[in-house]
Amino acid sequence: MSYAYDVEILHLLVSPAHAYFGRAKDGAADVATTDADRAEVVAGKGIVGDRFFGKAAHMDAAVTLFAVESLEAIAAELGADRFDPLLPRRNVVLRGAELIPLLGQDFVLESAGGRVEFHGGRQAHPCAWMDRVLAPGAHKAMRGRGGLRCRPLSTGTLHRGPAVLLSPVPLDPARAAVPSLLRPGRLP
């Protein structure tokens, strides 16, 4: 790894079930959701206790990282109050991390002595539910900045609080909220 960035893990969302399915007009499912102080990550499987853990269809995208700056920018663009960072239901909410350059890259997130290696698989696209749970227009505003779906390459523990992101490519934390609509043919 060539580059190290000080970041902060603000939230670690762990939920055993999906909250947003079916029709948005019917409302979100009432499911247990934990904003954990720490999350156990298992290589190739995801976060222990999470809805995507060990699911074959999600092995390459079992953990979603999200820059809180994106959510703050969306709220500002829509003229809305600050959004609850748990509502988009991304697993690891970070401050200070530009994520898009990590597409197709192996990188490391270190926190409180723990270390987890990830592979940046694909962008996390927002669903239409964002218009209902955040604000009208949030679905469109979140495109290109919905986070990064990752495959865990190692087993370890992530802790809420100060962290270090080790990247093989240069990142610009000031660009954490900038949308990127890379097409698959243009990925590294």
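## Salt bridges and a buried glutamate

Arg82 is exposed, with a relative accessible area of 66%. Its partner is Glu72, and the two side chains meet in a salt bridge of 2.8 Å, N to O. This pair links distant parts of the chain, for Arg82 lies in the loop between α1 and β6 (92-95) while Glu72 belongs to helix α1, 10 residues apart. Glu72 is partly exposed, at a relative accessible area of 26%.

The model is predicted, and it holds 10 salt bridges. The table lists some of them.

| Pair | Distance (N to O) |
|---|---|
| Arg82 and Glu72 | 2.8 Å |
| Arg145 and Glu77 | 2.6 Å |
| Arg175 and Glu98 | 3.5 Å |

Arg145 counts as buried, with a relative accessibility of 7%.

Arg175 lies in the segment after β11 (161-167), and Glu98 in the loop between β6 and β7 (106-111), so this pair ties together parts 77 residues apart in sequence. Arg175 is partly exposed at 42% relative accessibility, whereas Glu98 is buried at 10%.

Glu69, found in helix α1 (residues 68-78), is buried yet has no salt bridge. Why does Glu69 have no salt bridge? The nearest side chain of opposite charge, Arg95, is 4.1 Å away, and a salt bridge has to be within 4 Å. Leaving aside residues up to four places away in sequence, Glu69 touches Leu94, Arg95, Gly96, Ala97, Ala176 and Ala177.

Note on methods: Residues are numbered from 1 along each chain as its sequence is written. This is a predicted model: local features need pLDDT of at least 70, side-chain atom pairs count only at pLDDT 80 or more; totals for chains, interfaces and linings use all residues. Side-chain values use heavy atoms; hydrogens and water are left out. Helices (H or I, at least four residues) and strands (E, at least two) are DSSP runs, numbered from the N terminus. Buried means under 20% relative accessible area, exposed over 50%, partly exposed in between (1.4 Å probe, protein chains only). Lys and Arg count as positive and Asp and Glu as negative; His and the chain ends are not counted. Contact means heavy atoms within 4.5 Å.
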